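Please examine the sequence and the structure shown below before reading the explanation.

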Amino acid sequence: MGLGGNIGDPTAAMARALRELDAHDDCRVQAVSGLYRTPPWGKTDQADFFNCCALVETSLTAPALLQLCLDIERGMKRVRTERWGPRTIDIDVLTYGNDIIVTESIEVPHPRMAERAFVLMPLADIAPDLEVKGKPVREWLQQADKTGIVSANEKREWWTLQLGDG
């Protein structure tokens, strides 16, 4: 999973989303990356984002997992107004095992993840050998433009320590 946001307290929002995923009967958060501060991508006239990735074990189907993520976003007042625009929270299903799924509601692997260092850097923290589109994450990361991306918190347990996220 990839998580990010740039409105309000995105770190607290991501921590809350991860805890909600982990508390769900059909999901267990297995690992969480460090936290990264990243320049906006696509629409650049907005605040920097904070991003992380998580490995989640689930018995849900990929579409059901995506629906759970969308439900968590809605519960946290995510409003979708413009593509690549500012957001309180964004939760993406990046991969689902080795499955390739393309439907109206979901596409995994995420269609642009191999182009985005803000996904690849945190994903490499927890799954550098994960194969995406025929190459391991660490190889995609070597080719990606990492300009402006900095570590905001290397402690992997940052998400369990966040307080005050309502």
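The following paragraphs treat a helix, the strands, a valine, the cysteines and a pocket in turn.

The model is predicted, so local features are given only at pLDDT of at least 70 and side-chain atom pairs only at pLDDT 80 or more, whereas totals for chains, interfaces and linings use all residues. Residues are numbered from 1 along each chain as its sequence is written, and side-chain values use heavy atoms, with hydrogens and water left out.

Helix 1 covers residues 10–23; helices (H or I, at least four residues) and strands (E, at least two) are DSSP runs numbered from the N terminus. From its first C-alpha to its last, helix 1 reaches 20 Å over 14 residues, close to the 20 Å expected at 1.5 Å a residue, where the expected span is 1.5 Å times one less than the number of residues. Its buried residues include Ala13, Met14, Ala17, Leu18 and Leu21. Buried denotes under 20% relative accessible area, exposed over 50%, and partly exposed in between (1.4 Å probe, protein chains only). An α-helix has 3.6 residues a turn, so residues three or four places apart point the same way.

Strand 3 (residues 35–38) runs antiparallel to strand 10 (residues 150–153), with three bridges between them; strands pair if DSSP finds at least two bridges between them. Within this pairing, serine 151 in strand 10 is the bridge partner of tyrosine 36. Strand 3 is also joined to strand 4 (residues 49–58) by three bridges, again antiparallel, and arginine 37 stands opposite phenylalanine 50 of strand 4.

Valine 119 belongs to helix 3 (residues 117–126) and is buried, at 9% relative accessible area. Although 68 residues separate valine 119 from asparagine 51 in sequence, their C-alpha atoms are 7.4 Å apart. Beyond neighbours within four places in sequence, valine 119 is in contact with Cys53, Leu94 and Met113, contact being heavy atoms within 4.5 Å.

Cysteine 27 is buried at 1% relative accessibility, and cysteine 69 is buried at 0%. The whole structure has zero disulfides.

The second largest pocket is lined by 14 residues, of which Met1, Leu55, Val56, Thr95 and Gly97 lie nearest its centre. Strand 4 supplies the largest share of this lining, four residues.

Note on methods:
A disulfide is a pair of cysteine sulfur atoms within 2.5 Å. On a 1 Å grid over the protein atoms alone, a cavity is a set of points where a 1.4 Å probe fits but cannot get out, and a pocket is an open set with protein on both sides within 12 Å along at least five of seven lines; lining residues have an atom within 4 Å of a point.
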